[in-house]
Amino acid sequence: MNIGIDLGGTNIAAALVDSSGEILKRTSIRTNVSGGAKTVVNGLVSVCDLLLRNTTEQLSMIGIGVPGTVNAETGEVVFTPNLPLSRIHLANELAKKFGCAVKLGNDANCAALGEALVGGAKGAKDVVFITLGTGVGGGVIIGGKLITGVSGAACELGHTVIIAGGRKCGCGRQGCWETYASAEGIVRTAVEIIGGYKESLLWERCDGFAERLDGKAVFEVYRSGDEAAQIIVKKYVEHLGAGITNVVNALEPELICIGGGLSNAWDCLSEPLNKIVNAEKFYRFSPDAPQTKIVKAKLGNDAGIIGAASLAND
């Protein structure tokens with residue numbers, strides 16, 4: 001029996017997970033950063049204590065999905081932009097308390113493992129998982145193994161550039177895929193466009209302040225046929241498709257699995273996204289060859305937890 005933890009800037013979600021990837025018991029608490037690393041570590045200890053209460057089974061491993069770069073070999077958090085854990089040997093802190101192996105992984109990588117184990121990518125050996133949320137995250141599994149790179153920071157797909165000299169990204173570059181294909185990216189597109197459509201439902205929805213919109217609102221109005229929302233979503237899908245086509249051309253995986261909050265608009269995305277990728281991917285010239293499939297993730301927020309619990313098997 002393992003514990004899988006999805007460590008987020010807002011919540012710490014955790015579960016007891018069996019060897020088949022089934023969640024047996026779950027819990028969640030708010031992430032407390034008021035005392036720096038100490039209070040975050042205390043929160044991790046608390047969720048483990050809650051899960052182990054009244055449990056007689058032997059705990060084999062604790063896996064933690066961290067929103068940042070980790071050194072999986074040493075158990076050190078290298079860099080977390082939104083949590084005070086950079087340079088903290090997080091695995092050691094929990095191992096001393098619980099007397100078991102503790103493994104760290106990037107949160108998007110853990111979600112990729114979860115989807116490959118029991119989710120939308122189950123059974124595939126070569127998978128690219130892409131999460132469309134506040135940012136754009138990525139996890140790549142080739143031959144059943146995570147690709148983590150020489151320093152553990154590989155596969156930051158959201159920080160590949162799709163428009164040179166484009167929008168400024170938090171990473172310091174310009175034109176990163178994340179600035180166009182994330183939830184924040186679709187709002188930035190709305191800000192650029194909405195002023196020309198003051199009679200639209202979308203303008204009414206945001207009272208003329210597009211910064212108040214979110215991805216969910218844009219897609220809700222899009223489904224009504226609103227002209228402004230149609231244009232915004234069309235541009236969003238073009239940007240999303242450009243990045244996914246790059247991934248297909250670079251790696252040609254069996255599956256690309258799309259998760260994150262914006263994947264809830266799959267009914268709006270699937271057909272136009274596949275149309276763009278099929279028209280632009282390099283191996284469209286070999287139509288009889290096996291083709292990469294693009295699918296929606298199935299596990300939602302559980303993907304990171306299940307994947308973290310499986311880190312010992314990676």
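Predicted model: local features only at pLDDT ≥ 70, side-chain atom pairs only at ≥ 80, totals over all residues.

Biologist: At what angle do α3 and α10 pack?
Modeller: About 85°, and their axes are 6 Å apart. That makes α3 roughly perpendicular to α10 (the label covers 65 to 115 degrees; under 35 is roughly parallel, over 145 roughly antiparallel, and the rest oblique). The angles run from 0 to 180 degrees between N-to-C directions, and the axes are lines fitted to C-alpha atoms, for helices over the stretch in contact.

Biologist: Which residues of α3 and α10 make the contact?
Modeller: From α3 you get C110, A111, L113, G114, E115, L117 and V118, and from α10 it's A303, G304, I306, G307 and A308. Contact here means heavy atoms within 4.5 Å. Sorted by class, the α3 and α10 contact has eight nonpolar residues, three polar and one charged. Ala, Val, Leu, Ile, Met, Phe, Trp, Tyr, Cys and Pro are the nonpolar ones, Asp, Glu, Lys and Arg the charged ones, and the others, Gly among them, are polar.

Biologist: OK, next pair. How far apart are the axes of α1 and α2?
Modeller: 11 Å, with an angle of about 40° between α1 (residues 37–52) and α2 (residues 90–98). That makes α1 oblique to α2. On the α1 side, V41, L44, V45, C48, D49 and L52 make the contact, and on the α2 side L90, E93, L94, K97 and F98 do. By class, the α1 and α2 contact has eight nonpolar, no polar and three charged residues.

Biologist: And what about the angle of α7 and α8?
Modeller: Helix α7 (residues 215–222) packs on helix α8 (residues 227–251) at about 120°, their axes 8 Å apart. So α7 and α8 are oblique to each other. In α7, V218, F219, V221 and Y222 meet A229, Q230, I232, V233 and Y236 of α8. That contact has eight nonpolar residues, one polar and no charged ones.

Biologist: Changing topic: how much space lies in the largest pocket?
Modeller: About 1,400 Å³. Of the 48 residues lining the largest pocket, P67, D107, T131, G135 and G137 are the closest to its centre. Elements giving two or more residues to that lining include β1 (2–7), β2 (11–17) and α3 (107–118). A pocket is an open set of points on a 1 Å grid with protein on both sides within 12 Å along at least five of seven lines, and lining residues have an atom within 4 Å of a point.

Biologist: How does that lining divide into nonpolar, polar and charged?
Modeller: The largest pocket's lining has 18 nonpolar, 22 polar and eight charged residues.

Biologist: And how much space is in the second largest pocket?
Modeller: About 390 Å³. It has 18 lining residues, and N71, A72, E73, L104 and T148 are the closest to the centre. The elements giving two or more residues there are β5 (69–71) and β7 (101–106).

Biologist: Which element gives the largest share of the lining of the second largest pocket?
Modeller: β7, with four residues.

Technical notes: Residues numbered from 1 in each chain as written. Heavy atoms only, no water. 1 Å grid on protein atoms, 1.4 Å probe; cavity = no way out; pocket = protein on both sides within 12 Å on 5 of 7 lines; lining within 4 Å. Points joined across faces, edges and corners; volume = space filled by probe spheres on them.
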